[in-house]
Amino acid sequence: MISQEPTIKVGIIEHCRDVRGVFNGPFTMNGMFQLGGNFSARAENGRIVLTDGRGNEVIPAKEVHCVQTNGATFTLHDVTIGIHFHWERKESQTFQGNLTLVARDNGTITAINEISVEEYLASVISSEMSAEAPIELLKAHAITSRSWLVAMLEREQRHVDVDPERTIRSDDEMIRWYDREDHDIFDVCADDHCQRYQGITKIISKSAAEAIEATRGIFLVHGYEICDARFYKACGGLSEEFENAWEERHVPYLECVSDSSIQHPKITTEREAEDWIFSHPDAYCNTTDAAILRQILPSFDQETTNFFRWAVEYERAELEEIIRDKSGFDFGTIQNLVPVQRGPSGRIIKLKIEGTKKTMTVGKELEIRRWLSKSHLYSSAFIVVTEREDDGTPKRFMLYGAGWGHGVGLCQIGAAVMAAKGFQAEQIVKHYFHHAQIQKLY
Ligand SMILES: [Zn+2]
Ligand SMILES: [Zn+2]
């Protein structure tokens with residue numbers, strides 16, 4: 001395990017022909033040149049050509065490392081945010097730490113911000129959560145995010161080539177899961193794919209800074225390992241086991257947890273799944289409290305509050321088109337959607353899609369959520385109710401579901417409610433991560 005604060009490489013800009021920005025103070029480039037003020041960079045013959053504000057070109061190099069002195073910051077123009085979302089736009093962003101520009105083989109530039117883990121976390125927590133969020137929630141989230149992040153850095157160091165996704169495929173089965181380790185020359189990207197990071201473009205809230213300071217170097221650990229502490233929006237009353245969302249590996253601190261002071265039994269049969277999803281059990285994330293939701297859902301006003309129990313309805317033809325689009329397979333007329341295997345939270349791990357032209361089983365949870373929705377279903381914990389024509393052909397499919405996200409690890413909405421009820425950060429993380437210990441590593 002680590003004994004000092006690591007640094008993290010965050011990919012800010014990718015696939016750009018040129019990059020423009022400002023050094024807001026003194027920077028040293030590749031240990032030789034002093035830089036300050038405006039700059040622009042372009043890729044030329046596999047090298048970065050950097051031009052300073054007076055039009056002087058600095059000797060080209062494949063990689064340009066700009067190291068700050070005296071805590072100087074830098075600004076990058078035209079940073080794309082919300083990639084592939086309807087609100088995608090470009091803006092100028094300001095960062096602490098160092099800047100590396102890399103010339104890629106395809107003639108584009110990648111801009112990377114190298115920053116200390118604690119500074120990175122302060123920015124991420126500040127932009128993910130409201131400044132009014134209870135401090136114990138921010139502290140619990142800081143411990144969780146820090147553990148998840150550094151566990152990932154440690155995995156990257158252990159084996160360099162980690163597949164971004166794994167697919168187990170045969171004629172009638174497609175089982176796939178996704179991990180985030182698909183960036184080659186940096187650790188995380190700055191977009192929602194990893195965690196949204198905008199440097200210090202927006203002022204870091206006092207409460208986020210306080211939560212980071214109070215938990216500096218504190219991790220969830222299990223044995224001699226930092227916990228891969230995953231999180232998501234809402235479990236729906238029960239959390240899920242790691243191996244049901246990702247690879248077949250039992251992770252002792254990522255087990256099924258009853259998100260309540262009451263012990264809800266795990267789901268083991270279809271009948272129990274139905275009873276569970278159609279009920280309204282006591283759970284920390286079973287809330288419609290707008291004040292609490294606003295603290296954890298950045299754009300709460302556009303979001304629905306129907307995440308604890310939800311429903312989606314499709315005309316048969318509409319669902320056939322979505323599945324054809326998303327899976328690339330033509331199932332013909334869809335006859336049945338059959339849950340083949342569920343995890344203890346009720347999340348479907350394998351779903352059989354029976355059509356007149358094709359029958360196939362799909363998994364795991366994220367792939368099911370992708371195939372059955374134009375964007376993503378809230379979760380894979382759902383019951384299918386099929387309305388049929390007189391001849392038995394399906395007319396409409398109704399999906400009744402529970403929870404929001406993969407359900408493994410910390411339930412963000414549940415954690416917010418626990419903090420509002422007066423639980424301490426340590427109690428919150430220990431509630432979600434059984435068998436994990438809390439340890440200060442630096
Ligand atoms: Zn990413
Ligand atoms: Zn929950």
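Modeller: Start with Glu-320 and Arg-316. In this predicted model, their side chains meet in a salt bridge, at 2.8 Å from N to O. Both residues sit in helix α6, which spans residues 316-327. They are 4 residues apart, so about one helical turn separates them. Arg-316 has a relative accessible area of 21%, so it is partly exposed.

This pair is one entry in a longer list. The structure holds 28 salt bridges. Some of them join up: Glu-313, Glu-315, Glu-387, Lys-395 and Arg-396 are linked in a network.

Arg-104 pairs with Asp-184, with 2.8 Å between the closest N and O atoms. Arg-104 lies in the loop between β9 (98-103) and β10 (109-116), while Asp-184 lies in the loop between β12 (173-178) and β13 (188-189). These two are 80 residues apart, so the pair links distant parts of the chain. Asp-184 is exposed, at 59% relative accessibility.

Asp-228 and Arg-155 form another salt bridge, with closest N and O atoms 3.4 Å apart. Asp-228 is in the loop between β15 (225-226) and β16, and Arg-155 is in helix α2, so the bridge ties together parts 73 residues apart in sequence. Asp-228 is buried, at 5% relative accessibility. Arg-155 is buried too, with a relative accessible area of 13%.

The largest nonpolar core has 129 residues. Leu-76, Leu-101, Leu-337, Leu-372, Phe-382 and Phe-433 have the most contacts inside it. Helix α2 (residues 135-158) gives the most to this core, with 11 residues. Domain 1 (7-214) and domain 2 (231-408) both contribute, so the core lies between them. Look at Leu-337. Beyond its neighbours within four places in sequence, Leu-337 touches Leu-319, Leu-351, Lys-352, Ile-353, Leu-372, Val-384, Phe-397 and Leu-399. There is also a second, separate core of 9 residues, with Leu-238, Trp-276, Ile-277 and Ala-402 among them.

Next, the metal. The zinc ion (ligand 2) has four protein donors: Cys-235 (SG), Asp-259 (OD), Cys-285 (SG) and Cys-411 (SG). The site is tetrahedral, with angles of 104 to 122° among its 4 donor atoms. For four tetrahedral donors the ideal angle is 109.5 degrees. In sequence, the donor residues follow the spacing C-x23-D-x25-C-x125-C. Cys-235 and Asp-259 are 24 residues apart, both in the loop between β16 (231-232) and α4 (270-277). Both are buried.

Finish at helix α8 (residues 412-420). Here 8 of the 9 residues are buried, so the helix is largely enclosed by the rest of the structure. The buried ones are Gln-412, Ile-413, Gly-414, Ala-415, Ala-416, Val-417, Met-418 and Ala-419. Their cover includes α1 (117-128), α2, β16, α5 (290-296), β23 (410-411) and α9 (425-432). After α8 comes Gly-422, whose phi is positive, near 105°.

Technical notes. Residues are numbered from 1 along each chain as its sequence is written. Chains are lettered from A and ligands numbered from 1 in the order in which they are written. This is a predicted model: local features need pLDDT of at least 70, side-chain atom pairs count only at pLDDT 80 or more; totals for chains, interfaces and linings use all residues. Side-chain values use heavy atoms; hydrogens and water are left out. A nonpolar core is a set of buried Ala, Val, Leu, Ile, Met, Phe, Trp, Tyr and Cys residues joined through side-chain atoms within 4.5 Å. Buried means under 20% relative accessible area, exposed over 50%, partly exposed in between (1.4 Å probe, protein chains only). Domain bounds come from an automatic or database domain assignment. Contact means heavy atoms within 4.5 Å. Donors are N, O and S atoms within 2.8 Å of the metal (3.2 Å for Na, K and Ca); water is not among the atoms, so sites may look incomplete. Four donors count as tetrahedral if all angles lie between 85 and 135 degrees; four count as square planar and six as octahedral if opposite donors are over 155 degrees apart and all others between 65 and 115; anything else is irregular. A salt bridge is a side-chain nitrogen of Lys or Arg within 4 Å of a carboxyl oxygen of Asp or Glu.
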